[in-house]
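Please have the sequence and the 3D view open as you read.

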Amino acid sequence: PNTWGRQAHQLAFPSCAILDADGSLLVADTNNHRIQRFEPNSQEATTLAGSSSCKKGDALHELDMPTGICRDPRDGTLLVTDRGNARVLRFPAKSKAGCEGTVVAGPDLVSRPWGICAAPDGAIFVSDDRDAVVLKIEADGVPVAPRPLASEPSLPVDPAPDLDASDVVVVEEEALPKTAEEEPVIQDADPEIELVISGSPDELD
């Protein structure tokens, strides 16, 4: 079993795991900024992409919080959603730590890519949790649709008209008939009584 950490046998917020053709387990080790490969029956991993020393970055050989991984079924290249860098990278089939990837989709198409999968024809599907969409990128690299807005545009609001005193109408409350229960209680007033002390009860001895 794994524990949290940065060693070869440890992980930090693993977000995705897939089985490779040879039975190895590939893991997106998100908070360690790397993609790890565990061979069958092994608890020690090697780094396929990103930093083996768990350092994030934005260069083509670096990652920043990768979350999704998959293999392209046509050639075995490794596709990674590089969430913190707002991009999708493709690494060679036999990639190792330090290998450079190529950009499949950048910030013009994705904001916070998370999951990824590839169809048999090479089309790539990427989920983007910030834009709340799943983007399809054809095998030739062309997105099916342009990136949508992160939020729906608000409807236009008519400006408030300018008002002057002649436009203001004061509506007086009409007197309502009183029922028997609503008869006012009239208290006798004594003009000789004068209030000389005021204040809250806490202020009085």
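## The sheet

Four strands form an open sheet in the order E1-E2-E3-E4, with antiparallel pairing. Strands here are DSSP runs (E, at least two residues), numbered from the N terminus, and two of them pair if DSSP finds at least two bridges between them. Strand E1 (14–19) and strand E4 (45–50) are the edges: each has a single partner strand, so one side of each has no neighbour in the sheet. From one strand to the next, the twist averages 25 degrees, with axes fitted to C-alpha atoms and angles taken from 0 to 180 degrees between N-to-C directions.

E1 and strand E2 (residues 25–29) run antiparallel and are joined by five bridges. Ala-17 stands opposite Val-27 in E2.

Residues are numbered from 1 along each chain as its sequence is written, and side-chain values use heavy atoms, leaving out hydrogens and water.

The protein chain has a mean pLDDT (the predictor's confidence in each residue, from 0 to 100) of 81, and 70% of its residues reach 70 or more. Over residues 157–161 the pLDDT is below 50, and this stretch has zero contacts (heavy atoms within 4.5 Å) beyond near neighbours in sequence. Where pLDDT is low, the predicted coordinates should not be read in detail.

## The cysteines

The structure holds zero disulfides (pairs of cysteine sulfur atoms within 2.5 Å). For Cys-70, the nearest cysteine sulfur is that of Cys-117, 6.5 Å away.

Methods. This is a predicted model: local features need pLDDT of at least 70, side-chain atom pairs count only at pLDDT 80 or more; totals for chains, interfaces and linings use all residues.
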